[in-house]
Amino acid sequence: MTDLRIAIVGFGKIARDQHVGAIAATAGAALAAVASRNASLSNLPHFATIEELLHKGPPIDAVSLCTPPQVRRAQAAAALAAGKHVMLEKPPGTGVAELDPLIAMAADAKRTLFATWHSRYAPAVEPAREWLATRRIRSVHINWKEDVRVWHPGQAWIWEPGGLGVFDPGINALSILTRILPKSVFVTAAELAFPANRQAPIAANLTLTDIGDTPITAEFDFRQTGPQSWDIVVETDQGRMSLSRGGRVMAVDGKIISEAPDEEYRELYRRFVVLAATGASDVDLAPLRLVADSFLLGERTIVEPFMD
Ligand code: NAP
């Protein structure tokens with residue numbers, strides 16, 4: 001089998017931190033080009049835009065879109081129209097409905113559209129899902145708090161409309177939640193804190209539930225300093241299950257059941273290679289719908305301005 005020749009589009013923090021290494025480590029995948037207005041990678045063909053890449057670039061089979069969400073839909077449409085498979089960083093869009101035409105284009109062209117949720121590939125997520133499948137769930141609490149200055153230094157887009165603000169990391173927690181719980185969940189209330197000088201929330205408290213009225217709460221905050229919190233705690237009839245460190249560690253009543261090193265992005269590329277072999281798509285919009293509903297239902301407060 002020949003390698004899936006992939007071009008990274010938008011060579012910023014996540015492309016550097018994760019995608020380049022993950023592609024190099026994935027059998028059947030090869031990095032063939034970079035398209036980014038300002039950044040490039042030595043020894044690889046470089047193009048300023050995806051249009052240039054698609055018209056003048058070397059032969060490629062796929063693009064991995066690592067740009068901010070506000071520009072990804074148009075890039076995905078251009079790539080699918082050119083017959084390329086498309087991998088989308090999370091969140092898959094700035095709105096839910098914008099994914100519909102992309103899904104249809106991919107199906108018509110028999111090309112893969114892969115809306116990734118990297119946190120779902122954290123090593124303890126599947127063990128947690130399997131453990132919960134046979135327990136009665138009493139409540140769920142998510143505590144997802146990180147320092148925006150560490151993880152998104154100087155990223156103006158995250159504070160613009162469509163940038164999601166604190167939901168950019170929060171949606172990772174929601175992607176795990178919607179994977180590990182046996183029933184689908186929905187938002188019933190939300191409190192959103194917007195900095196006076198920004199268009200996206202810096203903190204959010206969500207109340208969710210499911211058809212069985214299970215109480216589910218989530219606290220997201222971008223103002224965390226010191227230790228970071230990426231924890232989900234599920235109370236069940238057979239003990240307290242915790243997923244911590246973003247899904248890397250699972251414990252029951254404090255005893256570690258599963259812990260493994262992070263291979264989230266390698267898993268994503270393994271899956272992308274498998275999907276592209278048949279042109280199958282994988283687009284689950286459940287986490288994005290929860291974020292959209294949080295904005296629909298959210299009570300807004302204005303808090304002090306945020307300066308980078
Ligand atoms: P980033 O550092 O800002 O990188 C994105 C790159 O896209 C920029 O460096 C820029 O490169 C290009 N870009 C920015 N605005 C553009 C525009 N208007 N048109 C075309 N290209 C543009 O952001 P990131 O942290 O890598 O995040 C990118 C995506 O990955 C986000 O959706 C984020 O949620 C996701 N993600 C991020 C992290 C993280 O830890 N940061 C983790 C997981 C997932 P040029 O200036 O060279 O064009």
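Which pocket is the space taken by the ligand? That space is the largest pocket. A pocket here is an open set of points on a 1 Å grid over the protein atoms alone, with protein on both sides within 12 Å along at least five of seven lines. A molecule sits in a pocket if more than half of its atoms lie within 2 Å of its grid points.

Some ground rules. This is a predicted model, in which local features need pLDDT of at least 70, side-chain atom pairs count only at pLDDT 80 or more, and totals for chains, interfaces and linings use all residues. Residues are numbered from 1 along each chain as its sequence is written, and side-chain values use heavy atoms, with hydrogens and water left out.

Now the shell around the ligand.

Where does the shell come from? Helices are DSSP runs of H or I, at least four residues long; strands are runs of E, at least two.

Next, polar contacts, meaning N or O pairs within 3.5 Å. A ligand oxygen is 2.5 Å from a side-chain N or O atom of Arg 72. For Arg 37, also through the side chain, the distance is 2.8 Å. The protein covers 82% of the 880 Å² of accessible area that the ligand has on its own, by the Shrake-Rupley method with a 1.4 Å probe.

Last, the backbone. Lys 90 and Pro 91 are joined by a cis peptide bond, and Pro 91 lies in the loop between β5 (85-88) and α4 (99-109).

How values were computed:
A polar contact is a pair of N or O atoms within 3.5 Å; within protein, one must be able to donate a hydrogen and the other to accept it, and residues adjacent in sequence count only if both atoms are side-chain atoms. On a 1 Å grid over the protein atoms alone, a cavity is a set of points where a 1.4 Å probe fits but cannot get out, and a pocket is an open set with protein on both sides within 12 Å along at least five of seven lines; lining residues have an atom within 4 Å of a point.
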